[in-house]
Amino acid sequence: MKFLHTMVRVKDLDESMRFYCDLLGMSEVRRYESEQGRFSLIYLAADEDIERVKAENAPCLELTYNWPDENGQQESYTGGRNFGHIAVSVKDIYGLCQKLQDAGITINRPPRDGHMAFIVSPDGISVELLQQGESLPPQEPWASMPSTGSW
């Protein structure tokens with residue numbers, strides 16, 4: 001068995017691309033548009049996985065965007081906590097959390113331990129951030145920041 005991708009449905013493609021690419025640092029590696037099916041599939045990869053994705057088409061995050069209907073209505077998605085979360089490793093958890101917070105993203109579970117944080121995508125998908133290698137030493141404001149919401 002080989003892991004291929006995780007798919008999440010998104011309601012605002014531009015907002016989701018900003019979140020996953022501009023803020024988290026993923027890159028678009030493939031895109032499929034279906035005029036007949038009225039949907040777009042955008043495959044993203046972490047920078048450290050791009051060569052592997054080119055060779056194996058995996059591992060990816062697939063964003064599925066269903067186009068608005070003829071009346072301009074966009075489907076609304078509600079998800080259960082049974083989905084769990086997407087996990088990515090990061091080079092500097094404190095630096096990334098600061099960048100995300102500066103961009104208006106709530107850090108639901110701050111990296112108090114220098115190792116793990118949780119955020120939520122614009123579509124309510126929980127994303128776990130894990131420090132690559134050893135945990136960083138505890139650092140303020142993260143060390144004393146309370147958790148908020150759910151993830």
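Biologist: How far is the sulfur of C60 from the closest cysteine sulfur?
Modeller: The closest one belongs to C21 and lies 12 Å from the sulfur of C60, which is too far for a bond, given that a disulfide is counted when two cysteine sulfur atoms are within 2.5 Å. Bear in mind that this is a predicted model, in which local features need pLDDT of at least 70 and side-chain atom pairs count only at pLDDT 80 or more, while totals for chains, interfaces and linings use all residues. Residues are numbered from 1 along each chain as its sequence is written, and side-chain values use heavy atoms, with hydrogens and water left out.

Biologist: And C97, where is its nearest cysteine sulfur?
Modeller: That is again the sulfur of C21, 18 Å away, and C97 is in no disulfide; the structure as a whole holds zero disulfides.

Biologist: Is C97 buried or exposed?
Modeller: C97 is buried at a relative accessible area of 0%, and C60 is buried too, at 7%, where buried means under 20% with a 1.4 Å probe and protein chains only.

Biologist: Switching to the sheet, what is the strand order?
Modeller: The sheet is open, with four strands in the order β1-β4-β3-β2 and mixed pairing; strands are DSSP runs of E with at least two residues, numbered from the N terminus, and two of them pair if DSSP finds at least two bridges between them.

Biologist: Which strands stand at the edges?
Modeller: Those are β1 (5–10) and β2 (27–34), each with a single partner strand, so one side of each has no neighbour in the sheet.

Biologist: How do β2 and β3 pair?
Modeller: They run antiparallel over seven bridges, β3 covering residues 39–45, and R30 stands opposite Y43 in β3.

Technical notes. Buried < 20%, exposed > 50% of the residue type's maximum accessible area, 1.4 Å probe, protein only.
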